[in-house]
Amino acid sequence: MPLLELRNVTKSFTSKTARPFVVLEHITMAVDKGDFVCIVGPSGCGKSTLLRIICGLIPPSDGQVFYKGVEVKGVCDEMAMVFQSFALFPWLTVLENVEIGLYSKKISQEEKRRRALKMIEMVGLKGFEEAYPRELSGGMKQRVGLARALVSEPTVLLMDEPFSSLDPLTATHLREELVDFWSNPNLAPDTVIMVTHSVEEAVYLANRVIVLSHRPGTIIKEVPVDLPRPRDPRSDKLYALVDQITSLIA
Amino acid sequence: MEPIPRTHLSIVAGLLEILEDYQGKVDAAKIADELMLELDDMLPAIEAAEMLGFIKVDSGDLILTDKGKEYLAGNSTQRKKILNQTLSRTSLFKWLIEQLKNRGDAMSKEELIALLEEKMPDVDAAKLVKWIIEWGRHALILRYDSNSQTIRLGDLA
């Protein structure tokens, strides 16, 4: 049984005056434990909507999502999300922002603090516990976003364009750190599903790249990436895959 | 007083990652080209990495040093230790640690700006303090509470 399964998922938005607006159509895919899946496609193809449906933030109009064989209805707390815009609370400190990730856990406040401090240390933010988001660089804000997502030790980490608002050097560094977390069997997450508009980034990170079409988004192709790790982002084999996928989108 | 880095740490770390991809040596212009950056945009990161001893610059080539390799290989605790040892030795942080100790471990941000304006009249002290706080926090030399605008000694000061 796959960890996560989408069966014929369709999402459309309707209003009384306009025709239904179909964003995603007939999405059927499966994700196994340990997968690193990247979803690419032209802008507006419903990539972000798909992530939100997977974690139960919004329901599909048709079709089903199954997590460990059970249909997802409402927010699934074994998944956590990292957003492009960081989505931090500006009036909370780094420590408080990370503790929010444990909001729904039935553990004591002391235990929440202990886990949040440990996570802050692991993402390299020790020393910034009492800082507010406004005092942080973009890269550090995204580390807080990552810490908040990982502090609940989710099985699946969902990432919506997590590096696209960062400068290229910071993005390079954070990609490496993400691979370190994912590839370490002792640390969450086991499984990552990331939306990105960068085909290079997708091929560099993923075991499998899912290519979506223009709206309404349908799966054009699933491209396995069998390159050994650590990967050379400048290798010919990697670029050949990037070319292949780019030609599908363009 | 010698300078301290004036760019963000993750930018410096990204530069080191790329150098590692190139087996530790590459032309700076080539990286800039690849990232679609102007070389000027990369200069603060290059200067910071050189100042920290993570790279050497040799006629346009950037060369990863053993210390840079050690930094990349370390976990977050080891990395902070390297930063701490390096930055604690700079004259600016040495001076600041001494000032804080003399004041019983607390100083307002305004006070530090005033002290620096006196000591380094050619420098934009407010900007410098921003970088001092950022790097001081990274290296666990300083703590800073922005509500009370108070700077204190950190865990590893």
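Residues are numbered from 1 along each chain as its sequence is written, and chains are lettered from A and ligands numbered from 1 in the order in which they are written. In this predicted model local features need pLDDT of at least 70 and side-chain atom pairs count only at pLDDT 80 or more, while totals for chains, interfaces and linings use all residues.

Trainee: Which word describes how H7(B) and H8(B) are oriented to each other?

Mentor: Helices are DSSP runs of H or I with at least four residues, strands are runs of E with at least two, and both are numbered from the N terminus. H7 (residues 109-119) and H8 (residues 125-138) of chain B pack at about 120°, with their axes 9 Å apart; axes are lines fitted to C-alpha atoms, for helices over the stretch in contact, and angles run from 0 to 180 degrees between N-to-C directions. Angles under 35 degrees count as roughly parallel, over 145 as roughly antiparallel, 65 to 115 as roughly perpendicular and the rest as oblique. H7(B) and H8(B) are therefore oblique.

Trainee: How many nonpolar residues are in the contact of H7(B) with H8(B)?

Mentor: Two residues are in contact if their C-beta atoms, placed from the backbone, lie within 7 Å. Lys109(B), Leu112(B), Ile113(B), Leu116(B) and Glu117(B) of H7(B) meet Ala125(B), Ala126(B), Leu128(B) and Val129(B) of H8(B). Ala, Val, Leu, Ile, Met, Phe, Trp, Tyr, Cys and Pro count as nonpolar, Asp, Glu, Lys and Arg as charged, and the others, Gly among them, as polar. The contact has two charged residues, no polar ones, and nonpolar ones numbering seven.

Trainee: How are H1(B) and H4(B) set to each other?

Mentor: H1(B) packs against H4 (residues 66-73) of chain B at about 105°, with the axes 10 Å apart. Leu16(B), Glu17(B) and Glu20(B) of H1(B) contact Gly68(B), Tyr71(B) and Leu72(B) of H4(B). By orientation, H1(B) and H4(B) are therefore roughly perpendicular.

Trainee: Which element gives the largest share of the side of chain B that touches chain A?

Mentor: In this interface, 23 residues of chain B are in contact with 24 residues of chain A. The elements of chain B giving two or more residues are H1 (9-21), H5 (76-88), H8 and strand E5 (142-145). The largest share, eight residues, comes from H1(B).

Trainee: How far apart do the C-alpha centres of domain 1 and domain 2 of chain B lie?

Mentor: An automatic or database domain assignment supplies the bounds, giving domain 1 (9-72) and domain 2 (75-153) of chain B. The C-alpha centres of these two domains lie apart by 25 Å.

Trainee: Is Met36(B) buried or exposed?

Mentor: Met36(B) is not a glycine, yet its phi is positive, about 55°. Met36(B) lies in the loop between H2 (28-34) and H3 (39-51) of chain B. A residue is buried if 20 or more other C-beta atoms lie within 10 Å of its own, exposed if 12 or fewer, and partly exposed in between, with C-beta atoms placed from the backbone. With 8 other C-beta atoms within 10 Å, Met36(B) is exposed.
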